[in-house]
Amino acid sequence: MSTGEIPGPRQLSVKAVSSGYDRADVLKQVSIEVVPGAVTCILGANGAGKSTLIRTVLGLNRVRTGEVRFGETVLNDMPTHKIVALGIGVIPEGNRVLPRMSVVENLQVGGLLQSDTRKVAARMEEMFAIFPRLKERRSQLAGTLSGGERSMLSIARGLMTEPELVVIDEPSLGLSPLFVSEVFNIVRRLKESGMTILLVEQNVRQTLDVADHGYVLLQGRVVASGTTAALREDTELHRAYFGVH
Amino acid sequence: MDMGILAQHLFNGLMLGMVYAMIAVGFSLFFGVLDVIKFSHGDVVSVGAFAALGGASAIGLLVDMPGLSLLFGLLAAIAVGGLAGVVIGGTLVLPLRNAPPVNVLLVTLMAGTILREAIRLGVPNGGNPKPFPVLLPQWQITAGSFSIGFDSVLILIAGIGIILATHLLITRTRIGLAIRAVAQDVDVARLAGIDFRRTVLGTFALGSALASVAGLMLGLYYREVNFSMGLVLGVIGFAAAVVGGLGSLLGPILGGFLFAFVQTLVTIVLPTASAYKDVVAFGVVIALIGLFPTGLIAERSSERV
């Protein structure tokens with residue numbers, strides 16, 4: 001929480017953003033800030049608008065009103081490939097891998113923004129050091145990997161460009177409890193290495209353990225925000241998950 | 001049957017198979033990146049043939065250098081065919097990305113008709129077959145009763161070279177990696193920094209240039225081109241791609257050679273019924289689709305482009 005003084009890092013900020021699909025707004029006037037060098041989490045139940053928020057930040061959905069900035073750069077209406085080229089790594093929802101490509105090729109896709117192939121190869125070795133399992137399966141088609149291995153591959157692919165900010169969208173989705181803990185350990189390691197992380201999750205307890213700040217979404221609005229210590233005590237968080245039936 | 005004539009038929013079959021494969025690969029590439037069937041693809045073959053004819057003839061009027069004419073014909077075919085692919089892709093196919101697939105079928109079918117009619121009406125006396133200039137050395141290779149033009153051998157080697165080069169481009173280069181990533185998961189590709197629009201249009205340029213060069217090769221081989229030559233070729237290329245496995249790279253190549261093999265077989269075995277070779281070949285296609293609904297090389301097990 002006191003890491004704001006790292007020189008140079010850019011802050012991702014979402015200011016009063018509304019967006020959605022067709023004519024209906026899913027996000028309503030959402031504002032969040034992702035503090036450089038810390039882990040910021042977005043919590044919320046299914047359908048709260050977490051994925052729409054991420055898609056909007058990354059240019060996959062259009063910003064209707066409001067503004068998304070990364071440092072000095074306004075991201076509204078910028079195509080996705082240009083947004084990620086600013087130094088944002090993305091680990092998309094659902095451990096998505098490119099199934100008919102080998103593990104190595106998946107990582108090469110992650111490194112496409114880097115034109116120096118030697119740097120890509122060196123970075124791949126770093127990823128293999130973090131995820132030895134991927135090294136064992138390097139020439140295997142990604143579609144034949146287990147769920148846990150896919151999740152590792154998806155994370156490694158998002159880190160290939162050595163991004164300044166990593167967006168991790170529901171990493172625990174569809175994983176066994178054992179792998180969920182594994183994934184949170186990886187997030188913890190990334191945090192210790194000083195990376196800025198925006199973590200979107202349903203899994204409240206483990207997310208609050210690793211995050212520094214958080215926002216709680218309910219029906220497309222931010223209903224609670226603050227440090228994770230404060231959020232633990234917030235009744236809105238419980239309401240956001242369990243609702244008032 | 002005389003061995004010489006048999007060899008002649010087989011050679012002709014190989015040549016046709018290669019041309020079909022070059023067209024079918026385009027269908028498969030487009031389906032890979034956008035999940036669409038672009039029915040104007042066959043007419044791009046005619047566009048390429050006439051662009052090559054125009055380029056080669058223009059040089060022929062200036063200097064009598066067949067090699068230079070051929071080079072300009074080739075460049076014209078690649079440029080005009082590639083451009084046709086990019087324009088159709090960018091103005092007709094991409095904007096309809098979220099529309100029902102039937103709309104893309106209809107629109108590209110109409111675009112093909114426009115291309116065909118543009119050649120018929122735009123080229124002087126375009127409704128009639130046009131002689132294609134002789135641009136390659138006319139040496140004959142003779143072995144017993146088998147005799148083959150050196151030019152035909154060159155065309156076949158060039159075609160095989162182009163297909164291999166396309167395969168390497170898709171499997172070994174950064175551009176190929178981007179094309180395959182877009183084909184497998186558009187969102188993951190974009191989130192990895194791949195420019196979706198540029199990759200799709202690049203794929204359209206590549207596939208259309210291949211079909212266009214196939215048109216040039218047909219002109220060189222048969223020494224004649226006509227405005228509607230792409231119509232049946234488009235249907236054959238589409239059939240070859242579907243039978244082989246739409247979305248894969250190897251499948252359409254296999255399908256193209258298979259189609260030509262059946263045609264050739266009919267010509268050899270039933271010389272009196274050789275006029276029915278297309279009927280039999282399409283019959284085989286229908287039977288194969290019944291037996292292998294996802295194509296001979298199913299997308300799941302093979303490397304989709």
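Let's start in a sheet. In strand 5 of chain A, V74(A) is the bridge partner of R69(A). That pair belongs to the joint between strand 4 and strand 5 of chain A, where two bridges hold an antiparallel pairing. Keep in mind that this is a predicted model.

The two strands form a hairpin, with two residues between them. Look at G71(A) in the turn: its phi is positive, about 60°.

Now zoom out. How many strands does the open sheet have, and in what order? There are four, in the order 2-1-4-5, and the pairing is antiparallel. The edges are strand 2, residues 24-34, and strand 5, residues 73-74. Each of these edge strands pairs on one side only.

A word of background. Strands of a sheet pair through backbone hydrogen bonds, and the pairing can be parallel or antiparallel.

Next, strand 1 of chain A, residues 12-21. Seven bridges join strand 1 to strand 2, running antiparallel. One place to look is V17(A), whose bridge partner in strand 2 is V30(A). Strand 1 is also joined to strand 4, residues 65-70, by five bridges, again antiparallel. There, K15(A) stands opposite E67(A).

Stay in chain A, but move to a loop. G111(A) sits between helix 3 and helix 4 of chain A. For scale, take P79(A): it is 32 residues from G111(A) in sequence, and their C-alpha atoms are 18 Å apart.

Where do the chains meet? Chain A gives 20 residues to the contact, and chain B gives 17. On the chain A side, two elements give two or more residues: helix 2, residues 80-85, and helix 3, residues 103-110. By class, that side has 12 nonpolar, four polar and four charged residues.

On to chain B, and helix 5, residues 150-172. This helix has 23 residues. From first C-alpha to last it reaches 32 Å, close to the 33 Å expected at 1.5 Å a residue. Which residues of helix 5 are buried? They are I155(B), G159(B), T166(B) and I170(B). They pack against helix 1, helix 6 and helix 8 of chain B. An α-helix has 3.6 residues a turn, so residues three or four places apart point the same way.

What does the record say? An unreviewed UniProt entry lists "transmembrane region" for several spans of chain B, including 12-37, 69-94 and 139-170. Let's check two of them in the model. Residues 12-37 of chain B are 88% helix and 0% strand, with end C-alpha atoms 28 Å apart. Residues 69-94 of chain B are 96% helix and 0% strand, with ends 35 Å apart, C-alpha to C-alpha.

Last, confidence. The model scores ipTM 0.90 and pTM 0.91. Chain B averages a pLDDT of 93, with 97% of its residues scoring at least 70. For chain A the mean is 91, and 95% of residues reach 70 or more. Within chain A, helix 3 is highest at 97, and helix 10, residues 235-242, is lowest at a mean of 78. Residues 1-7 of chain A have pLDDT below 50. Beyond near neighbours in sequence, that stretch has nine contacts in the model.

Technical notes: Residues numbered from 1 in each chain as written. Chains lettered and ligands numbered in written order. Predicted model: local features only at pLDDT ≥ 70, side-chain atom pairs only at ≥ 80, totals over all residues. Pairing = 2+ DSSP bridges. pLDDT = per-residue confidence, 0-100. Contact = placed C-beta atoms within 7 Å. Nonpolar A, V, L, I, M, F, W, Y, C, P; charged D, E, K, R; others polar. Expected span 1.5 Å × (residues − 1). Buried ≥ 20, exposed ≤ 12 C-beta atoms within 10 Å, placed from the backbone. UniProt positions renumbered as here; feature names shortened; annotations may be inferred.
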